[in-house]
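Please open the model in your viewer and keep the selection panel at hand. The tour below goes from one selection to the next and says what is found at each stop.

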Amino acid sequence: MKNYRYSWCILLLLAVACRDNSKLNLPPNSNKIVLNSLLIAHKSPEVYVGKTWNITDFTPSKTYYEDAKVELWENDILLGALTLEDSLYKLKSVKLTPLKSYIIRVNVPNAGQVESKPVVVPPDIELIQITLDPNIKWITREILIQEPILVEMNVKNFPYSSNYLVSSAHIVKNGETIIFNTITTENVEISASNLDFSSNNCYALFPELSGMKGKRSIGYNMQCFLENTKKIGLVVDKVGQLGSNRIKGDFIKVSLAIYSSEYLQFAKAAQIIEGADNAFIETKPTYSNIIGGIGFVTAINQKDTTLSL
């Protein structure tokens with residue numbers, strides 16, 4: 001009887017609480033400027049200046065600002081103003097220089113001002129030697145390779161803070177990339193199946209350099225290199241899928257790239273689990289290096305080499 005009366009008191013208190021007629025004051029809408037850019041060495045900058053809107057609003061017909069003033073600064077020197085072209089702000093007269101520091105500053109009328117934190121374009125890649133070995137003995141790990149070929153590279157080390165060296169290779173037939181296994185290349189010295197990327201800071205996952213969706217490459221933290229040069233081995237399958245046909249390639253295209261550290265910080269934040277429809281999962285912290293707004297600016301320096309099979 002005592003427990004029954006106790007439960008009844010709890011229900012009565014909840015009923016009174018639910019009848020509270022106090023006004024709920026929500027904070028004012030907070031729209032922010034979005035600034036995104038991938039700065040590529042030896043190429044002209046392209047910058048996206050976007051809008052944010054409330055979840056209850058309709059998506060605007062144009063999600064970017066058309067009247068933004070966008071400036072590119074190199075080592076604290078103004079290089080010029082970017083002009084809008086096909087939703088992106090561009091400065092075709094400028095090519096981004098390795099080892100130079102860049103800042104993007106944006107002023108949007110009636111919206112505010114934002115700028116990116118300084119981003120240093122990675123150095124040029126010096127490929128000392130590259131060879132192909134068709135006699136490799138492949139031990140199957142997570143992928144099946146029909147006709148393996150080993151790509152061996154010797155790359156000069158640039159021990160700049162937190163940069164990552166990313167490698168990839170794929171087969172080409174008549175100028176077209178051959179589509180093959182989900183994992184396009186396999187690093188000889190490490191297998192992704194037994195590598196804990198969350199605890200090992202010497203390796204990380206990066207986008208596949210060929211641009212094929214759903215693929216990935218392994219990046220090496222350049223601070224972990226113990227010598228002045230780095231030897232990298234990639235095993236590639238000479239046989240792949242072109243349309244509905246199984247076919248061998250004519251050439252192998254090898255890609256190397258150095259990513260600045262901002263990309264990895266952004267990628268790690270993006271991998272944190274978030275449940276949009278689950279009230280018990282906290283909103284994930286999205287990495288941003290934009291002052292006064294949101295977004296992400298990083299840099300890359302890529303080198304491609306084509307070899308006959």
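Begin with the rings, since the structure holds four aromatic pairs, where rings of Phe, Tyr and Trp (its six-membered ring) pair if their centres lie within 6.5 Å, and planes under 30 degrees apart count as stacked, over 60 as edge-to-face and the rest as tilted. This is a predicted model, in which local features need pLDDT of at least 70 and side-chain atom pairs count only at pLDDT 80 or more, while totals for chains, interfaces and linings use all residues. Residues are numbered from 1 along each chain as its sequence is written, and side-chain values use heavy atoms, with hydrogens and water left out.

Select phenylalanine 206 and tyrosine 259, which form a tilted pair at 4.9 Å centre to centre with 45° between the planes. The pair links distant parts of the chain, for phenylalanine 206 belongs to strand β14 and tyrosine 259 to strand β19 (residues 251–259), 53 residues apart; strands (E, at least two residues) are DSSP runs numbered from the N terminus. Tyrosine 259 counts as buried because its relative accessibility is 7%, and tyrosine 263 counts as buried at 17%, where buried means under 20% relative accessible area, exposed over 50% and partly exposed in between (1.4 Å probe, protein chains only). With Tyr164 also selected, you have the cluster in which ring pairs link Tyr164, Phe206, Tyr259 and Tyr263.

Keep Tyr259 on screen and turn to the largest pocket, where Tyr259 is among the residues nearest the centre, together with Leu38, Ile40, Ile300 and Gln302. A pocket is, on a 1 Å grid over the protein atoms alone, an open set of points where a 1.4 Å probe fits, with protein on both sides within 12 Å along at least five of seven lines, and its lining residues have an atom within 4 Å of a point. The volume is about 240 Å³, taken as the space filled by probe spheres set on the points, which are joined across faces, edges and corners. Of the strands to colour here, β1 (34–40) and β21 (294–308) each supply at least two lining residues, and β21 gives the most, with five.

Next, select Leu35, Val49, Val70, Ile104 and Val106, the residues with the most contacts inside the largest nonpolar core, which has 25 residues; such a core is a set of buried Ala, Val, Leu, Ile, Met, Phe, Trp, Tyr and Cys residues joined through side-chain atoms within 4.5 Å. The strands β1, β2 (46–50), β3 (69–74), β6 (101–108) and β21 each supply at least two residues of this core, and the largest share, four residues, comes from β6. Apart from it lies another core of 24 residues, including Leu127, Val236, Ile252 and Val254.

Then show arginine 105 with tryptophan 73, where the charged end of the arginine sits over the ring at 4.7 Å from its centre; the criterion is NZ of Lys or CZ of Arg within 6 Å of the ring centre and within 35 degrees of the ring normal. Lysine 51 likewise lies over the face of tyrosine 65, at 5.5 Å from the ring centre.

Finish at lysine 117, in the loop between β7 (112–116) and β8 (119–120). Its C-alpha atom is separated by 9.5 Å from that of arginine 105, twelve residues apart along the chain, and lysine 117 is partly exposed, with a relative accessible area of 44%.
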